[in-house]
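Have the viewer open as you read.

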Amino acid sequence: MPILSIQSEVVYGHVGHQASRFILERMGHPVWAAPTVLFSNHLAHKTVTGRVLEAAQVRELIDGVRKLGVLGKANAILTGYLGAPETATLVAEVVAEIKALNPRAIYIFDPVIGDQGAMYVKPELALALSSILVPIADVLSPNVYELGHLTGLEVNSRAQAVDALHALAKRTLARAIIGTGIPDPGHPDELAVIALARQSPGDPGTISMAVTKRHPLFASGTGDAFAALFTARYLRDQNLKAAIDAAVLGMSHIVSETAATSSDELCIIETQDKWAAALGR
């Protein structure tokens, strides 16, 4: 299933497309990758060169794909780090266009805003993500910080995460909302992924959860990798519980190997056979 992916691009390391594209293509999904930034490496390193692409530049790339007459073949749109608030408007236009051409296409939105208790995008971009893209997503996958930011609620436990998922559901048409990296005082050595699934916007929905061991980790890109693992499995049959279970298991292989080797970049390639098996391939 072809996927239009709109997110960051780096030369070195495994974030953005360098975290997601290999996973998706390894699982049989062609990826049409439109970059939103071009950096030498991710910003957690001591130095970085490159630039954020203007929305007009991203639009030019997508216009070129449109001229090929293939946009309607995309079965999913996946977005991550967007770089500029105007790009959020462009994404909304492209999502609407692809859905008009292919009503079965779904929009999976990873609202990259911040992590580790801090926002790392400009406030105007965070506002654009919240106001423009949250309402139109079919699947939302905020991490624990982003879930709190988007709802204005504290999320320091699994119970609080469930409350925040229900609160966020009131602001979106999404059929699935997935909170990642959820801590809990009663389980300090674990992190949870908690998902809310619903049949319609008015449906209170059902909650499912997958739990994994917490590892000491200094690498970026876990959200990008999780979104790719989830998307690869979810597109098979849109079984939310099966997709989060598979993605959490796949991430556990990546994260445990990364922590064991003290790598500052995710060990995605090194663990490919393990996470591919977790996804059923």
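**Cavity and sheet at a glance**

Searching the whole structure turns up one cavity of 30 Å³ or more. A cavity here is a set of points on a 1 Å grid over the protein atoms alone where a 1.4 Å probe fits but cannot get out. This is a predicted model, so to speak plainly about cut-offs: local features need pLDDT of at least 70, side-chain atom pairs count only at pLDDT 80 or more, and totals for chains, interfaces and linings use all residues. Residues are numbered from 1 along each chain as its sequence is written, and side-chain values use heavy atoms, with hydrogens and water left out.

**The cavity**

- The largest cavity holds about 30 Å³ of space, a volume being the space filled by probe spheres set on the points, which are joined across faces, edges and corners.
- Its lining (residues with an atom within 4 Å of a point) is made up of Gln7, Ser20, Leu78, Thr79, Gly80, Asp110, Asp224 and Ala227.
- That lining splits into two nonpolar, four polar and two charged residues, with Gly counted as polar.
- β4 (76-79) and α7 (222-237) each supply at least two of the lining residues; helices (H or I, at least four residues) and strands (E, at least two) are DSSP runs numbered from the N terminus.

**The sheet**

- Nine strands form an open sheet with mixed pairing, in the order β3-β2-β1-β4-β5-β8-β9-β10-β11; two strands pair if DSSP finds at least two bridges between them.
- At the edges sit β3 (50-52) and β11 (206-213), each pairing on one side only.
- β4 and β5 (residues 106-109) run parallel, joined by four bridges.
- Ile77 stands opposite Tyr107 in β5.

Conventions: On a 1 Å grid over the protein atoms alone, a cavity is a set of points where a 1.4 Å probe fits but cannot get out, and a pocket is an open set with protein on both sides within 12 Å along at least five of seven lines; lining residues have an atom within 4 Å of a point.
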